[in-house]
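Hi,

Here is the structure I promised to pass on to you. Have a look at it first, and then read on for what turned up in it.

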Amino acid sequence: MEAPPTPSGFRTDKPLLSLLNIDLLAQVAGITFFHPLGAWMLPLSLRTLTFQWHHPPMWGSMLYATIVTVAWLLQSLNHRLAYGKNREFDKSEEVLVITGGSSGLGLLLAQVYGMRGMSVAILDVNEPEVEVRNVEFYKCDVGNYQDVQAVSKQIIEDLGPPSVLVNNAAVVHGKTILDLSEDEIQSTFGSNVLSNFWTIKEFLPGMIEAKRGTIVTISSVLSHIGPKRCSDYSASKAAVRLLHESLTAEVAQYDNIKTLLVSPGQISTPLFDGVDTPSTFFAPVLEPVDVAKEIMSAIDSGAGGNLDLPLYSKWIVVMHTLPVSIQRLLRWVSGCDDAMKNFRGRNATDNMNGKN
Ligand SMILES: NC(=O)c1ccc[n+]([C@@H]2O[C@H](COP(=O)([O-])OP(=O)(O)OC[C@H]3O[C@@H](n4cnc5c(N)ncnc54)[C@H](O)[C@@H]3O)[C@@H](O)[C@H]2O)c1
């Protein structure tokens with residue numbers, strides 16, 4: 001039987017075994033062996049089995065539980081020192097703007113926040129593919145500053161000044177540098193990079209005035225690595241990663257303005273349709289709902305920070321510290337340079353859904 005479409009209109013027919021991956025194992029370990037509560041269960045269980053305090057298994061398990069607890073506390077301290085105190089997030093007063101909110105990840109965020117009764121505006125060149133309740137749609141090419149200026153005035157008039165901005169719109173062409181046309185290169189940098197500047201210029205002053213704001217930048221794991229046929233996309237995602245870094249430094253003086261950088265691996269949306277996933281065990285394809293859940297949890301808690309998912313995306317930066325020969329070997333083993341060979345992208349999915 002055919003699997004039902006996801007809210008983004010994209011079909012997922014994953015075999016059950018593909019659910020077993022390194023991220024799932026790490027998640028289970030994180031709430032058991034590597035969580036202070038789980039770690040302290042071991043010495044407590046030994047104690048109930050009449051082990052005395054001076055017995056080596058008791059010492060060993062208590063040392064392990066202490067290390068886990070200290071690491072856990074240091075992690076919380078690091079987050080607090082790096083990103084400061086969370087801002088207050090008042091559901092009834094927040095206004096959200098999501099660029100590229102008519103499909104995939106952006107659509108899911110808009111749908112959920114709309115269902116929760118919040119004021120949400122979608123900025124997209126296309127209308128949403130499904131009905132989205134309580135969400136205002138503004139047709140806008142976010143790569144065009146005049147378009148963004150006109151729409152931002154309208155949003156402020158209709159909904160009030162936005163307090164959450166999710167810079168999510170993006171395009172992928174999946175071609176080699178020589179095959180990319182000038183228009184395609186311009187469109188990648190317009191949609192994926194310049195759009196971030198235009199929306200920040202329009203909405204950040206209002207956030208500073210209201211002393212409340214969260215700016216979410218959707219980058220990608222490809223901001224750290226440039227596979228074949230991804231030159232424009234990878235360069236655009238690296239650009240917004242560094243834009244986020246400068247933005248974070250510039251707003252650090254405002255306690256209640258938070259910035260969040262999201263760098264996901266492959267997500268099952270139309271954007272990368274046809275890509276061959278090198279290893280679903282080490283690099284599982286993410287469901288939009290899992291990414292949206294993490295983003296929403298950060299926005300709702302008023303936190304800033306970095307969200308790297310799945311697990312390998314936290315470690316990919318380490319690759320650049322290795323000798324170049326090892327880096328080339330890892331690229332070959334991962335198959336990342338062949339992954340875009342069968343790329344179809346949004347056009348194929350739009351054709352399938354009868355949009356073209
Ligand atoms: N899908 C993945 O595998 C993946 C992986 C890592 C990061 N990301 C990032 O996640 C974000 C969301 O991607 P998605 O997979 O949901 O993509 P998607 O293609 O489903 O949605 C992107 C939306 O952006 C809109 N858009 C593109 N250019 C625009 C413009 N100039 N003006 C207005 N709207 C425009 C499109 O119409 C579309 O609705 C993107 O920033 C993408 O780079 C995606």
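This is a predicted model: local features need pLDDT of at least 70, side-chain atom pairs count only at pLDDT 80 or more; totals for chains, interfaces and linings use all residues.

**The sheet and its helices**

Residues are numbered from 1 along each chain as its sequence is written, and side-chain values use heavy atoms, with hydrogens and water left out.

Helices (H or I, at least four residues) and strands (E, at least two) are DSSP runs, numbered from the N terminus. Contact means heavy atoms within 4.5 Å. Axes are lines fitted to C-alpha atoms, for helices over the stretch in contact, and angles run from 0 to 180 degrees between N-to-C directions.

The sheet itself is open and has seven strands in the order S3-S2-S1-S4-S5-S6-S7, with parallel pairing (two strands pair if DSSP finds at least two bridges between them). Strand S3 (135-139) and S7 stand at the edges with a single partner strand each, so one side of each is left without a neighbour in the sheet. From one strand to the next, the twist averages 15°.

How many residues of strand S5 (residues 213-218) are buried? Six of the six are, so S5 is largely enclosed by the rest of the structure. Here buried means under 20% relative accessible area, exposed over 50%, and partly exposed in between (1.4 Å probe, protein chains only). Both faces of S5 are covered, with Gly-213, Ile-215 and Thr-217 buried on one side and Thr-214, Val-216 and Ile-218 on the other.

On one flank, S5 runs parallel to strand S4 (residues 164-167), and four bridges join them; Leu-165 has Ile-215 as its bridge partner in S5. S4, helix H6 (residues 182-210) and S5 make a right-handed β-α-β unit. Right-handed means that, with the strands pointing away from the viewer, the path from the first strand over the helix to the second runs clockwise.

S5 also pairs with S6 in the parallel sense, over six bridges. Gly-213 stands opposite Ile-257, Val-216 opposite Leu-260 and Thr-217 opposite Leu-261. The chain crosses from S5 to S6 through helix H7 (residues 231-251), and this β-α-β crossover is right-handed.

In S6, eight of the eight residues are buried, so S6 is largely enclosed by the rest of the structure. Ile-257, Thr-259, Leu-261 and Ser-263 point one way, and Lys-258, Leu-260, Val-262 and Pro-264 point the other way. S6 and S7 are parallel too, with five bridges, and Pro-264 stands opposite Leu-309 in S7. Which hand does the crossover from S6 through H8 to S7 have? This β-α-β crossover is left-handed.

**Helix H7**

The 21 residues of H7 should span 30 Å at 1.5 Å a residue, and its end C-alpha atoms are 30 Å apart, which agrees; the expected span is 1.5 Å times one less than the number of residues. Buried residues of H7 include Tyr-233, Val-240, Leu-243 and Leu-247. The buried residues of H7 pack against H6, S5, S6 and strand S7 (305-309).

**Aromatic pairs**

A search of the whole structure finds four aromatic pairs. Rings of Phe, Tyr and Trp (its six-membered ring) pair if their centres lie within 6.5 Å; planes under 30 degrees apart count as stacked, over 60 as edge-to-face and the rest as tilted. One of the pairs is Phe-272 with Phe-343, edge-to-face at 6.3 Å centre to centre and 65° between the planes. Phe-272 lies in the loop between strand S6 (257-264) and helix H8 (288-301) and Phe-343 in the loop between helix H10 (324-334) and helix H11 (345-352), so the pair ties together parts that are 71 residues apart in sequence. Phe-272 is buried at 13% relative accessibility, and Phe-343 is buried at 14%. Ring pairs also link Tyr-233, Phe-272 and Phe-343 into a cluster.

Best wishes
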